[in-house]
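Here's a quick briefing to read alongside the model. Have a look at the structure first, then work through the points.

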Amino acid sequence: MSRLTVPKTYKLFIGGKFPRSESGRTYEVATADGRFLANAAQASRKDARDAVVAARAAVAGWAGATAYNRGQVLYRVAEVLDGRRAQFVDEIAAAEGVTAAVAGRQVDEAVDAWVWYAGWADKFAQVAGAGNPVAGPFFNISVPEPTGVVAIVAPQGGASLAGLVAVVAPALVAGNAVVVVADEAHPLSAVSLAEVLATSDVPGGVVNVLTGSPAEIAPWLAAHSDVNALDLAGAGKLDWVDLEIAAAETLTRVLRPEPGVPERSLDRILAFTETKTVWHTKSLL
Amino acid sequence: MKDIEITGRGFLDYAPAPESTSILNLKDSYGLFIDGEFREGSGGAFTTISPATEKPIAEIAIASEADVDAAVQAARNAYRKTWSRMPGADRGKYLFRIARLVQERARELAVAESLDNGKPITESRDTDIPLVAAWFFYYAGWADKLDYAGLGSAPRPLGVAAQVIPWNFPLLMLAWKIAPALAAGNTVVLKPAETTPLSALLFAEILQQADLPPGVVNIVTGAGETGAALVRHPDVDKVAFTGSTSVGREIARTVAGTTKRLTLELGGKAANIVFDDAPIDQAVEGIVNGIFFNQGHVCCAGSRLLVQENVHDEVVDRLKARLSTLRMGDPLDKNTDIGAINSREQLERIRRLSDIGEAEGGERWSAPCDIPQDGFWFAPTIFTGVSTSSTIAREEIFGPVLSVLTFRTPAEAIAKANNTPYGLSAGIWSDKGSKILAVADRLRAGVVWANTFNRFDPASPFGGYKESGYGREGGRHGLGAYLRSGASTEGGKR
């Protein structure tokens, strides 16, 4: 006689905690062939705003951590994720209707992306910064700093874990805090990734994961004046032009949609940075 | 303090020393510069005036939507047929030529700039025009070195750049826009500000002298409608704008949903933080330079003075004494420190906000100046007793008006400095290096000047955080705003 399983309740991830949606709403998540898998929380406007508040509160600590420390924390995410590889393979295979081998490759890609981005944490500023030879007796240096709170629509309808990591990890490298709306149809691996983050020394609030309808949640995030940047990677099928227009109200930085899972790139790290240039006089000896 | 209070007129009065305008050889009217030649505009004309005298300088064509379209087409053709195919070394040579021609005609350009804009000739002569030449010289050298710009191998230009610039540094803003765009291999349609088109049109003559291929740079004059037509033109690949945050917001909406790249350099409300261990004399000079340079028509102006409470009275007294020695008047007079406000509209805005400052309880003090009869003038003004919620501590005035606030601790200074939707620049005055670096780290501003203010250099990136816009001008970063990354920055799996 087979043992009766203990299914998990999939909830949101806000401020380091796992609340249900304040709206009390859930939606059914099904396998590729339509069988019931789980109920996921359907995040509301209030949840999105709570997530932005949590993210804002987390920015100073995460941005203020040393680059070496951020690198270690991001690498730790890779370690913990790799340790729970089997769980993710099962979850992805069931949800996305792919073979265990395909799901395995997706998990490998997610782990490797964390490793790749972890390594950038204490290097991107050297590559993207500059010591500037100005015509005068001044010390002059330019360094990239985190933009602040980044709201992200994760890639939809495809490789749910790899897609999520491909947009969240680069935003974290410089010290931003993130509110991400997961793949609507395949949200389970996003919630499981949140469990990895919660046990990987990522401070609470640095990553906030919302499950539910991007079409419903994204407009609130785009128009939120405490969101500094908007990554529309997975918003290609939404009315994303309206989202970009809403973002213009507070000059929120916008990355436009792109198909599939974004490539790993330094550009993605730098898209969520601001260059600060500091001048200081040198005395004339 | 008594010994430095200079209230009497007399020993610091100078005989007038006006720069001659005979070096200028202006036409009565100017057309649009499209495809390498001046042509009539089809949108009518307007008169550009000297804000110091309100006398007309020249008739300027207004570019209609059709004219803008012709300019974009000329830029597109030049991009396809000439500029994008030309070796970088040759693009660089054209930019070097332009830099040299600017240097050769520097005095003429300075006079034109002061005449049209109202800024003191000492500023246009010693700051604006030398920086214009420096900007072209700097980016000229980049044109054949794009592989080294940190954007991967063989980064590509974007195409046709639409550039809209403000009236506060007319030719300098033109240089900030055109030099990196051309070095990167783009072609340009630029719209100068309505009140200051003159130097851009003289610059068009320089382009003819440099034998720049037709269509690589096109200059369309006019007001907001011309700029809007340019920004929304479907065949534009890049939009670069410097100006107010409200217009920047509108442009961001217009560009939304397109493939156009956008950089915005918008407003500011910079904090200039003076600690009690600052060298006070230098700090006072820095405060003056920070807010009264160019009549305060500076997006990065240090318009909020945050002074540590225990030195507030001393700093304010010395500031008033220093401001009392500034000479306001004829922009072309080499003794002039404070020139004219650029337009009647801007003067009215400054007056309105200053009146609000007074109504909200700020204590107003203006330097004793003889205001000329004609033209647009506003005496250097400081408000003490300003609170963080005051309108004049929140809104950009873009004029010679300083709001003074106090703080007790570095943490309070940082909190007040960052308490604004803007984030363009900031200043720190202290003799303690470790404190400066710690404070600089925490200021949310794109440019931080420590023990100096309002310094600009083509090698130094400039641009804002938050609602002060995005993208950088100057340096390698400024070049990146006109290039698409080469392949090797992507695909980290290799």
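In chain B, α2(B) passes α4(B) in a left-handed crossing, meaning the near helix is turned anticlockwise from the far one by less than a right angle (clockwise would be right-handed). Helices (H or I, at least four residues) and strands (E, at least two) are DSSP runs, numbered from the N terminus. This is a predicted model, where local features need pLDDT of at least 70, side-chain atom pairs count only at pLDDT 80 or more, and totals for chains, interfaces and linings use all residues. Residues are numbered from 1 along each chain as written, while chains are lettered from A and ligands numbered from 1 in the order written.

**The helix pair in chain B**
- Helix α2 (residues 88-104) and helix α4 (residues 121-142) of chain B pack at about 165°, axes 8 Å apart; axes are lines fitted to C-alpha atoms, for helices over the stretch in contact, and angles run from 0 to 180 degrees between N-to-C directions.
- That angle makes α2(B) roughly antiparallel to α4(B) (over 145 degrees).
- Among the residues that meet are Leu95(B) and Phe96(B) from α2(B), and Phe136(B) and Phe137(B) from α4(B); contact means C-beta atoms, placed from the backbone, within 7 Å.

**Where the chains touch**
- The contact takes 31 residues from chain A and 39 residues from chain B.
- On chain A's side, β10(A) gives the largest share, eight residues.
- β10(A) also pairs with strand β18 (residues 447-450) of chain B, in the parallel sense over four bridges; pairing needs at least two DSSP bridges.
- Val278(A) stands opposite Val448(B) in β18(B).

Terms used. Parallel < 35°, antiparallel > 145°, perpendicular 65-115°, else oblique. Contact = placed C-beta atoms within 7 Å.
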